[in-house]
Amino acid sequence: MNKLGTAFIEGIIAFFATNIDDIIILLLFFSQINANFRRRHIFFGQYLGFAAIIIASLPGFFGGLVVRRELIGLLGILPIVIGLKQLLSPEEETTEVQTVTSDFKQSSHRNPIISFVLSLLHPNTYKVAAVTIANGGDNISIYIPLFAGHNFASLGVILSVFFVMVGVWCFIAYLLTLQPTIADILTRYGNILVPYVLIALGLFIMYERGTFNLLPWVKA
């Protein structure tokens, strides 16, 4: 598989692993839509918050330009550790998500009739972005090793996958608000799968970067 194909797969896996809990938060947002809190606030706020997380993760890419790929692969230990933490302390992870979602309160500020662009700057947009950043703080520790070791082309593939998936994620969450049974199943079982996906992602990062070649018995 070529490098761009690998980057595409890594992007899909990483986005799924780090954003499955966002579905729960997006379900909450879409359930609160009214005259002041609109779908566009959720979409734009989600993109705004996710972009901030990506920017905070870019040092991993630039560091990867000067550090050996095998050593960069050691950063794959981070998602493995996070996955193991979620396996060993699932109650703590659930509490963190509930705390973030409970902090969201709908604004009573009336949205003026102005242009669509200006309406995106509504305070509710920033509230969605703030919740996205707060809930996605751990994502940075996943994206830093993911970005490291890629060139500009493969990083572009990963970022393209990410930003397309943000829109897909929002659309899926909106549809799920119309299907209470499906939403309940995702809420109940989605988090169970995440730790295993994170561990697999970490191992994949280490394998793809050639980190296992550092082991003495592998060289032998």
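Helices are DSSP runs of H or I with at least four residues, and strands are DSSP runs of E with at least two, numbered from the N terminus. The model is predicted, so local features need pLDDT of at least 70 and side-chain atom pairs count only at pLDDT 80 or more, whereas totals for chains, interfaces and linings use all residues. Residues are numbered from 1 along each chain as its sequence is written, and side-chain values use heavy atoms, with hydrogens and water left out.

**View 1. Overall composition of the chain.** The secondary structure comprises 12 helices and zero strands. Read from the N terminus, the order of elements is α-α-α-α-α-α-α-α-α-α-α-α. Of the 220 residues in the chain, 43% are buried. Here buried denotes under 20% relative accessible area, exposed denotes over 50%, and partly exposed lies in between (1.4 Å probe, protein chains only).

**View 2. Packing of helices α1 and α10.** Helix α1 (residues 3-30) packs against helix α10 (residues 152-176) at an angle of about 30°, and their axes are 8 Å apart. This angle makes α1 roughly parallel to α10. Axes are lines fitted to C-alpha atoms, for helices over the stretch in contact, and angles run from 0 to 180 degrees between N-to-C directions. Angles under 35 degrees count as roughly parallel, over 145 as roughly antiparallel, 65 to 115 as roughly perpendicular, and the rest as oblique. The crossing of α1 and α10 is right-handed; a crossing has this hand if the near helix is turned clockwise from the far one by less than a right angle, and is left-handed if anticlockwise. Within α10 lies G156, which is partly exposed with a relative accessible area of 30%. The C-alpha atoms of G156 and L4 are separated by 9.2 Å, although these residues are 152 apart along the chain.

**View 3. Packing of helices α1 and α2.** The angle between α1 and α2 is about 150°, with the axes 12 Å apart. The two helices are therefore roughly antiparallel to each other, and their crossing is right-handed. F29 belongs to helix α1 and is buried, its relative accessible area being 0%. Between the C-alpha atoms of F29 and I42 the separation is 7.0 Å, for residues 13 apart along the chain.

**View 4. Packing of helices α2 and α9.** Helix α2 (residues 39-57) and helix α9 (residues 139-147) pack at an angle of about 55°, and 8 Å separates their axes. The pair is therefore oblique, and the crossing of α2 and α9 is right-handed. A52 is located in helix α2 and is partly exposed, with a relative accessible area of 31%. From A52 to A130 the C-alpha to C-alpha distance is 9.8 Å, across 78 residues in sequence.

**View 5. A nonpolar surface patch.** L84, L87, L88, I192, L193 and Y196 make a nonpolar surface patch of about 610 Å². Patches are made of residues with over 30% relative accessible area and no salt bridge, with like charges joined within 9 Å and nonpolar side chains (Val, Leu, Ile, Met, Phe, Trp, Tyr) within 5 Å. A salt bridge is a side-chain nitrogen of Lys or Arg within 4 Å of a carboxyl oxygen of Asp or Glu. Accessible areas come from the Shrake-Rupley method with a 1.4 Å probe, and for residues only the protein chains shown count as cover. Helices α5 (77-88) and α11 (180-208) each supply at least two residues of the nonpolar patch. L193 sits in helix α11 and counts as partly exposed at 44% relative accessibility.
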